[in-house]
Structure formats: structure tokens, C-alpha cells
Amino acid sequence: MSLFHAKHAKHAKHAKSAESDEAALLTAMALMRSRDAIVGSEHMDPVPGQQPNLSPGARLMRLDDDQRAAILVAELLEGLRFEASAPPEASDSCAILWDGNVLAKIARPSLTQFRDAVEMVGNYAELRPDRIPEIEVQRAELLPFFATILPMEPSRAAAIIEMLYRGLDITTHLVMRVKLALACPRPSRFSDRVQPVIPVPAHATLPSGHATQAFCLATMLALLRDPAAPIEAGDRLYRMACRIAINRTVAGVHFPADSAAGAVLGIQIGRYLMARAGRFDHMTTGSFDGTRFVDDTPAGPVARDFHYQVLQQMVEGTDSSTAFAPVGATVPPAPLWAHLVKRAHDEWVARWS
């Protein structure tokens, strides 16, 4: 957006706000006058009232969107904590835990690995003319890309959409904390020839937030569709998540390793959220070791790319950088969240109606 358009949009917003305030004041004055006319100074005669007869979940759905969001995020963050390794200035690894169990542990690559991957990031710039529309839209919104795969019309899938947005909220909270601990540099820090086509975020690079969010969305939707669904890189939900992640490398703001770490973290967050709603019974612990995210060659290890085939190796356990293992504990239920997810599942079941 140009500076002129930005200023114009800002002025238009202020003008609209002023008009709204004026209308609100006029309405308030009109209501005050009408009350004076029909009530006057009559004695109040309150009704007896009654105790609430709705469950907390049902009452939750009566609240405004932002109020529900605050409650659900608070419930879902309960019981989660972080552990980071020394040194604190830039930890080698960071883990998210629930009830003493590791949800995900992410270890950063070395600076040498990041440096060696810069040329790969630069080569991705060739795709920018093709990918720039997606890159720009995905800066602000990811759901429309998944809505092209599964039916999610707002009028017929309100609970599904709300469920996914809460998943995005939780993902942001968790990935930002991991980023802060690991403090990994962006590609443009290593070379001024990367020249990203979008503003470089101020926060650290690994794990990629977009990759984490995209894989969380893919996992939630896959488990909503089928609680026993395995992760298959060929599934279009996960192919879309891969493409969204790769677009951030095309834009010049992320390394492939960032996407791989985000894939592990996003899958784990998606599983955890659906497990807390009773939609996933086989909770796992997930780990990503960035120091092992390399391709071995006769000349030694070289920087590794991230794409569908790599994802498949990661989830099937044939990649040394990644591991998913069963957890022998049950994820604590989140009743309010479960109420929303049940509504989302009901919408999915009724999608043909």
C-alpha cells in the first residue's frame, strides 16, 4: 500500500468512526427521551429472576466473539509451560510441556548451517513472480486457502471457522515463545542479496510462524474429518500447508529448516488441541533437531530443502531430524473448547444438508 493510500485509508477510518460516534450519541439521546416519555418517575417493580439453566458451554456460545476467544485461549493455555536450554541469550533448544510431558522440543541449527542455506533461499527468488499474490494474501490470512479444499462457507461452518481461528491464536502464543528462546537470525542477516519482497518481521526466524499455523490448521481439519487420520504429505491439506511454508522461503524471510521446525510444532499443537476436545486419542511427543536437518553427501553434510517428500520422511520416522513418539498419558479435557469443537464436528457431519 502506498503512503498516499495508507493516509487516505487512515482518514477514511477516522471519518467512519466519527460518523459512528455521532450516530451512537443520537441513538442514546433518542432512547433517553423515549424512556422519560413512557416511564417517567414510576416506582420500579423488579421481576423475581431465576437461576441460570444453561451449561457453561452453552452460555459461552452466547458471548461476543472476542469474549469467547479470550475464555477459550485461557482454557487451552492452562497447564502448558516452557523449558529452554542454556545459554539464555540464545538457547540451543526449547520445549513446550503439558503435565510434565513434552508436547514439542525444537533444537536450533548451527549458525554455519544457516549460512550454508542462504544460497538456497536466494535460488527460491526465481519463484517470486509466480508466488507473490499468494505471499501477499498469506501475510494476513490463511483460512481461505484451506477453505478451497474443504467446504467452509461462513454461513454453514461458523463453528469450524471459529475453531480454526482459536487454533491460530494458540499457535501464535506458543511459536512466539519458542522463537524468542532460540533467537535464530533471518536469511537477510547473512546477505544483502536476499532482498526479501515483504517486510522482514522483527522476531526470530525458527520455527516459521506461518508454517506452524498452516500445519496446525491442516492437522485440526484432518482430525475433524477423521480422528484416526494419519499424516500423509500427499493429503491436500498438508500439501497446502507445505506450499504456505515454502512461500515464506520464496519471499526471502525464512530458511527451509524454519518450515521443517514449524511443521513439527504445528502438527503437535493441532493434535494437542483436538485431543483436549476428545477428537484425538493417540497423543504424541514431537521433536525436531535442526543440527540433523542436513543432506549427507560424499563431500559432507549440505543444507537441506523442505518439500512434500521431506515432510513424508519426517512423519514416517525415516528422517533423523524428526521424531514422533506415543505418550502414555491422557491429555486433560478442555470442556469449553470441547463444546465448540463438537459444534464444529456437527457442522462437518451436516455439510451435505
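This is a predicted model: local features need pLDDT of at least 70, side-chain atom pairs count only at pLDDT 80 or more; totals for chains, interfaces and linings use all residues.

Me: How much space lies in the largest pocket?

Reply: About 360 Å³. On a 1 Å grid over the protein atoms alone, a pocket is an open set of points with protein on both sides within 12 Å along at least five of seven lines, and a cavity is a set where a 1.4 Å probe fits but cannot get out; lining residues have an atom within 4 Å of a point. Grid points are joined across faces, edges and corners, and a volume is the space filled by probe spheres set on the points.

Me: And which residues are closest to the centre of the largest pocket?

Reply: Arg 139, Gly 209, His 210, Gln 213 and Arg 248, out of 22 lining residues. By class, the lining has 10 nonpolar, 7 polar and 5 charged residues. Here Ala, Val, Leu, Ile, Met, Phe, Trp, Tyr, Cys and Pro count as nonpolar, Asp, Glu, Lys and Arg as charged, and the others, Gly among them, as polar.

Me: Which helix gives the most to that lining?

Reply: α7 does, with 6 residues. Both α7 (158–182) and α9 (209–225) supply at least two residues. Helices (H or I, at least four residues) and strands (E, at least two) are DSSP runs, numbered from the N terminus.

Me: At what angle do the axes of α7 and α9 cross?

Reply: Roughly 140 degrees, and the axes come within 9 Å. Axes are lines fitted to C-alpha atoms, for helices over the stretch in contact, and angles run from 0 to 180 degrees between N-to-C directions. α7 and α9 are therefore oblique to each other: angles under 35 degrees count as roughly parallel, over 145 as roughly antiparallel, 65 to 115 as roughly perpendicular and the rest as oblique. The crossing of α7 and α9 is right-handed; that is the word if the near helix is turned clockwise from the far one by less than a right angle, and left-handed if anticlockwise.

Me: How about α9 and α13, what is the angle there?

Reply: The axes of α9 and α13 (residues 335–349) cross at roughly 65 degrees and come within 10 Å. That is why these two, α9 and α13, are described as roughly perpendicular to each other. On the α9 side, Met 220, Leu 224 and Arg 225 make the contact, and α13 brings Trp 337, Val 341, Ala 344, His 345 and Trp 348. Contact means heavy atoms within 4.5 Å. By class, there are 6 nonpolar, 1 polar and 1 charged residues in the contact of α9 with α13.

Me: And how far apart are the axes of α9 and α11?

Reply: They are 7 Å apart, with a packing angle of about 40 degrees. α9 passes α11 in a right-handed crossing. Among the residues that meet are Phe 215 and Leu 223 in α9, and Gly 262 and Ile 269 in α11. This contact of α9 with α11 divides into 12 nonpolar, 6 polar and 1 charged residues.

Me: New topic: how many cavities of 30 Å³ or more does a search find?

Reply: A search of the whole structure finds 3. The largest cavity has a volume of about 100 Å³, and α4 (111–123) gives the most to its lining, with 3 residues. The lining of the largest cavity has 8 nonpolar, 2 polar and 1 charged residues.

Me: What about the second largest cavity, how much space lies there?

Reply: About 50 Å³. α9 turns up again, giving the largest share of its lining, 3 residues. Thr 219, Ala 222 and Leu 223 are among the residues lining the second largest cavity.

Me: Last one: where is a cis peptide bond?

Reply: One joins Ala 86 and Pro 87, with omega about 0 degrees, and Pro 87 sits in the loop between β1 (80–84) and β2 (93–98). Another joins Leu 206 and Pro 207, again with omega about 0 degrees; Pro 207 is in the loop between α8 (187–190) and α9.

Terms used. Residues are numbered from 1 along each chain as its sequence is written. Side-chain values use heavy atoms; hydrogens and water are left out.
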